[in-house]
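Keep the viewer open and follow the residue numbers.

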Amino acid sequence: MTNEFKSSEINERHRLLTELELLETLLASETATYPWNPAEEAAEAFFLEQEQQLQQEDWWEEELSAHAPDFLASVEQLWENTKPKTVSASATDEQSLQTTLQQRFAAYMPTAWLQAIAHKATDMLATQKSMAQQLVQCVQELLPNCSEDDLLILARPYAYSMRSNIEPSTTAIESTLNRYGQDWEVRSDIERAQISLAIARYAISQLQAERGEE
């Protein structure tokens with residue numbers, strides 16, 4: 001406890017000394033200017049003088065070693081706070097896709113499922129998987145009762161029905177949604193899988209169109 005009190009007293013004394021030095025600097029003659037340009041001839045002499053003054057103090061090296069890490073950490077934090085915050089292209093694509101799917105398919109599927117499909121579909125654009133595999137990846141976690149092989153079979157009509165430039169509304173996607181209607185709660189796992197795959201195919205086609213891909 002005594003050591004803690006002594007350390008606190010020393011820190012307070014150093015703080016007061018620093019404040020007095022700062023006040024002295026502020027009240028100094030206007031002719032005593034700081035060499036803002038290190039390339040000036042006077043700058044080298046100024047910094048050398050300051051360094052010699054510091055070396056004459058018996059406490060400065062200890063204080064520097066003790067407080068430098070905190071100071072540098074504070075500077076780093078200030079830098080991080082002032083850096084411009086950017087949103088990745090993939091995050092922007094995903095947000096836009098979620099909005100699109102919600103507007104178009106909210107009556108056919110819960111919002112949480114639409115968000116999950118949008119997230120996976122965005123990830124799939126960076127892969128080299130076949131279209132059928134991409135579709136399965138988009139919905140597999142949502143349908144734990146359906147095996148991957150079964151999903152691959154169900155995905156085939158949606159994977160191959162859009163090889164041409166036909167709009168999604170005229171493909172198997174629209175046909176699936178019209179066939180099952182909007183009664184999500186009464187749909188079987190297989191029917192939900194087909195609806196999910198159809199919407200996943202639409203999601204991927206939207207992302208491809210935005211990026212100019214076929």
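**Helix packing and ring pairs**

Helix H6 (residues 131-139) and helix H7 (residues 148-160) pack with their axes 8 Å apart, at an angle of about 120°. That angle makes H6 oblique to H7. Angles under 35 degrees count as roughly parallel, over 145 as roughly antiparallel, 65 to 115 as roughly perpendicular, and the rest as oblique. Axes are lines fitted to C-alpha atoms, for helices over the stretch in contact, and angles run from 0 to 180 degrees between N-to-C directions. Helices here are DSSP runs (H or I, at least four residues), as are strands (E, at least two), numbered from the N terminus.

The model is predicted: local features need pLDDT of at least 70, side-chain atom pairs count only at pLDDT 80 or more, and totals for chains, interfaces and linings use all residues. Residues are numbered from 1 along each chain as its sequence is written, and side-chain values use heavy atoms, with hydrogens and water left out.

H6 passes H7 in a right-handed crossing. A crossing is right-handed if the near helix is turned clockwise from the far one by less than a right angle, and left-handed if anticlockwise. Which residues in H6 and H7 meet? H6 brings Met131, Ala132, Gln133, Leu135, Val136 and Val139. H7 brings Glu148, Leu151, Leu152, Ala155, Tyr158 and Ala159. Contact means heavy atoms within 4.5 Å. By class, the contact of H6 with H7 has 10 nonpolar residues, one polar and one charged. Ala, Val, Leu, Ile, Met, Phe, Trp, Tyr, Cys and Pro count as nonpolar, Asp, Glu, Lys and Arg as charged, and the others, Gly among them, as polar.

H6 and H9 pack at an angle of about 115°, with their axes 9 Å apart. H6 and H9 are therefore roughly perpendicular to each other. H6 passes H9 in a right-handed crossing. On the H6 side, Met131, Gln134, Leu135, Val136, Cys138 and Val139 take part. They meet Ser196, Leu197, Ala200, Arg201, Ile204 and Gln208 in H9. The contact of H6 with H9 divides into eight nonpolar residues, three polar and one charged.

H5 also packs on H9, at an angle of about 45° and with axes 9 Å apart. H5 and H9 are therefore oblique to each other. H5 passes H9 in a right-handed crossing. Trp113, Leu114, Ile117, Ala121 and Thr122 of H5 make the contact with Ser196, Ile199, Ala200, Ala203, Ile204 and Leu207 of H9. The contact of H5 with H9 has nine nonpolar residues, two polar and no charged.

Next, the aromatic rings. A pair of aromatic rings is described by the distance of the centres and the angle of the planes. Rings of Phe, Tyr and Trp (its six-membered ring) pair if their centres lie within 6.5 Å; planes under 30 degrees apart count as stacked, over 60 as edge-to-face and the rest as tilted. By this rule the count comes to three aromatic pairs. The rings of Phe105 and Tyr202 have centres 5.1 Å apart and planes at 85°, so the pair is edge-to-face. The pair links distant parts of the chain: Phe105 sits in helix H4 (residues 89-105) and Tyr202 in helix H9 (residues 189-210), 97 residues apart. Phe105 and Tyr202 are both buried. Buried means under 20% relative accessible area, exposed over 50%, and partly exposed in between (1.4 Å probe, protein chains only).

The rings of Trp113 and Trp184 have centres 4.8 Å apart and planes at 75°, so this pair is edge-to-face. Trp113 lies in helix H5 (residues 111-124) and Trp184 in the loop between helix H8 (172-180) and H9, so the pair ties together parts 71 residues apart in sequence. Both Trp113 and Trp184 are buried. Ring pairs also link Phe105, Tyr108 and Tyr202 into a cluster.

Two single residues come next. Gln194 lies in helix H9 and is buried, with a relative accessible area of 15%. Not counting residues up to four places away in sequence, Gln194 touches Leu154, Tyr158, Thr176, Arg179 and Tyr180.

Finally, the whole chain. The protein chain has nine helices and zero strands. Of its 214 residues, 27% count as buried.
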